[in-house]
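Please read these notes with the model open beside you.

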Amino acid sequence: MATVTIRPVRSIVELEQVYDLAGRQFDPPLSAHDGTRRCRELVEHFEDDSPLMLVAEEDSEPIGAALAFRTTPGTVTLRIIGVIPAARGAGIGRALVEAVEETAHELDVRRIDLGADDQADFYLHLGFSADLFLQWAYAPERYDEQVEELLRGPLMGLDAWRASYEGVPQLRVRLSRVDREFRNQVDALVDGAHVGFVMGKDLASV
């Protein structure tokens, strides 16, 4: 019987290799060298946060990874998680998330956040809650105008708050459930913004 183990990655070279392994599970695939900041942030945090960067191995062969880092002293971002097709359905994804949670709790982290979208239901079953997340990466100049329109329209009465990351304006909206029809309705009303789900879990009671 094959043995599956989960351990921290041991070097930046291995980090990039398992990032590519996890990234191949996406469409389009993600790569450590695709020019985005996704893997670069992990590399920058490796010295301090390598215990949160985990690889799952079956008989010493990597079959999945969950790579996270602290964005603030009290918050962890789970940047990417992926399991190869041949190893799915065996609870490895759940085990990776739970291992990140356990390590985060040991580091006195209070919350884990991640972008999920198509996989939002998976995280709901693990105790995460869902927020709608809008990021005006393509037309930041339309941010104020479109936020006001949304708050007078479909977001009226909802708990919504503004933020920014590296100068990119954002809006986050608290939801009671994953509602893809509502997400699509909001997406149709904005241009220049990415609209998706952000999942979060408070670890205070773990």
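**Notes on the rings and the chain**

1. The structure contains three aromatic pairs. Rings of Phe, Tyr and Trp (its six-membered ring) pair if their centres lie within 6.5 Å; planes under 30 degrees apart are stacked, over 60 edge-to-face, and the rest tilted. One of the pairs joins Tyr123 and Phe128, edge-to-face, at 5.6 Å centre to centre with 75° between the planes. In the pair of Trp136 and Tyr143 the centres are 5.0 Å apart and the planes stand at 80°, so this pair is edge-to-face.

2. This is a predicted model, in which local features need pLDDT of at least 70 and side-chain atom pairs pLDDT 80 or more, while totals for chains, interfaces and linings use all residues. Residues are numbered from 1 along each chain as its sequence is written, and side-chain values use heavy atoms, without hydrogens and water.

3. Tyr123 is buried at 5% relative accessible area (buried is under 20%, exposed over 50%, partly exposed in between, with a 1.4 Å probe and protein chains only). Phe128 is buried at 4%, Trp136 at 0% and Tyr143 at 8%. Ring pairs also link Phe122, Tyr123 and Phe128 into a cluster.

4. Of the 206 residues in the chain, 46% are buried. Among contacts with a separation of 6 or more, 66% are between residues 24 or more positions apart; contact means heavy atoms within 4.5 Å.

5. The C-alpha atoms fill a box of roughly 55 × 35 × 35 Å, taken along the principal axes.
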